[in-house]
Amino acid sequence: LLTADLNLEGDWKFKIRDSLIWKEVDYNDEHWDAQTIPGIWEEQGFEDYDGFAWYRKKFDVPADLKSQKLVALFGKIDDLDQVYLNGDLLGYTGEFNPRNGEIRTNGEYREFRGYYVPDNIELKDTGNIIAIRVYDSHGVGGLYEGPVGLITQDNYTRYWNFKVKRR
């Protein structure tokens, strides 16, 4: 079982619609709704909503993790995502900028999200912000399966090596 070294599951800020300003660290999300992740937004007050939505979470990093190489875990997301850490793009799954203006999905909701935190994205002791832009094309949407959090690259590699050997 894969578990995060810093668990970020639980209450997150949430807003439907779309604005790239919402990735910025100093954006005021005080009046956003709350969502519990992992979870489906249709089951948390946004029934039948398809389209863009954003999640935001402020978190602190323990000293023992700050010196480690880390991976950000987001389990499974329905459908597409872009993840920002302290305003910088950390990773994404799916294509958000189609040539014809139509966003298409291709089973991305089944993919596990684990994004390596590069050296050029600095984590602070306190007040870090993860912002996740999600696009749901139909059916349910959201960060529906964990784990959600940060894990050391060593632990992440050990997990996947173990999983591959069991096949």
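Guide: The largest pocket has a volume of about 170 Å³, where the volume is the space filled by probe spheres set on grid points joined across faces, edges and corners. The model is predicted, so local features need pLDDT of at least 70 and side-chain atom pairs pLDDT 80 or more, while totals for chains, interfaces and linings use all residues. Residues are numbered from 1 along each chain as its sequence is written, and side-chain values use heavy atoms, with hydrogens and water left out.

Visitor: Which residues line the largest pocket, and what makes them its lining?

Guide: The lining consists of Lys 66, Gln 68, Lys 69, Leu 70, Val 117, Pro 118, Asp 119, Ile 121, Glu 122 and Leu 123. A lining residue has an atom within 4 Å of a pocket point; on a 1 Å grid over the protein atoms alone, a pocket is an open set with protein on both sides within 12 Å along at least five of seven lines, whereas a cavity is a set of points where a 1.4 Å probe fits but cannot get out.

Visitor: How does the lining divide into nonpolar, polar and charged residues?

Guide: Five are nonpolar, one is polar and four are charged. Ala, Val, Leu, Ile, Met, Phe, Trp, Tyr, Cys and Pro count as nonpolar, Asp, Glu, Lys and Arg as charged, and the others, Gly among them, as polar.

Visitor: Why are strand 3 and strand 7 placed at the edges of their sheet?

Guide: That open sheet holds six strands in the order 3-2-4-9-6-7, with antiparallel pairing. Strand 3 (33–37) and strand 7 (88–93) each have a single partner strand, so one side of each lacks a neighbour in the sheet. Strands (E, at least two residues) and helices (H or I, at least four) are DSSP runs numbered from the N terminus.

Visitor: How do you know that strand 2 and strand 4 are paired?

Guide: Four bridges join strand 2 (residues 10–16) to strand 4 (residues 51–59), which run antiparallel.

Visitor: What makes strand 1 a partner of strand 10?

Guide: They pair in the antiparallel sense over two bridges, and Leu 6 stands opposite Leu 150 in strand 10. Their open sheet has four strands in the order 1-10-5-8, and its edge strands, strand 1 (6–7) and strand 8, each pair on one side only.

Visitor: Why is the pair of Trp 22 and Trp 54 called edge-to-face?

Guide: It is one of 16 aromatic pairs in the structure. The centres of Trp 22 and Trp 54 are 6.2 Å apart and the planes stand at 90°. Rings of Phe, Tyr and Trp (its six-membered ring) pair if their centres lie within 6.5 Å, with planes under 30 degrees apart counted as stacked, over 60 as edge-to-face and the rest as tilted; the values therefore give an edge-to-face pair. Trp 22 lies in the loop between strand 2 and strand 3, and Trp 54, 32 residues away, in strand 4.

Visitor: Why are Trp 22 and Trp 54 called buried?

Guide: Buried means under 20% relative accessible area, exposed over 50%, and partly exposed in between (1.4 Å probe, protein chains only). Trp 22 stands at 8% and Trp 54 at 0%, so both count as buried.

Visitor: How do you know what kind of pair Tyr 116 and Tyr 156 form?

Guide: Their ring centres are 5.8 Å apart and their planes stand at 85°, so this pair is edge-to-face. Tyr 116 lies in strand 8 (residues 112–116) and Tyr 156 in helix 2 (residues 153–165), so the pair ties together parts 40 residues apart in sequence. Tyr 116, at 44%, counts as partly exposed, whereas Tyr 156, at 8%, counts as buried.

Visitor: What makes phi of Arg 17 and of Asn 86 worth noting?

Guide: Phi of Arg 17 is near 95° and that of Asn 86 near 50°, each a positive value in a residue other than glycine. Arg 17 lies in the loop between strand 2 and strand 3, and at 52% Arg 17 is exposed. Asn 86 lies in the loop between strand 6 (80–85) and strand 7, and at 14% Asn 86 is buried.

Notes:
Pairing = 2+ DSSP bridges.
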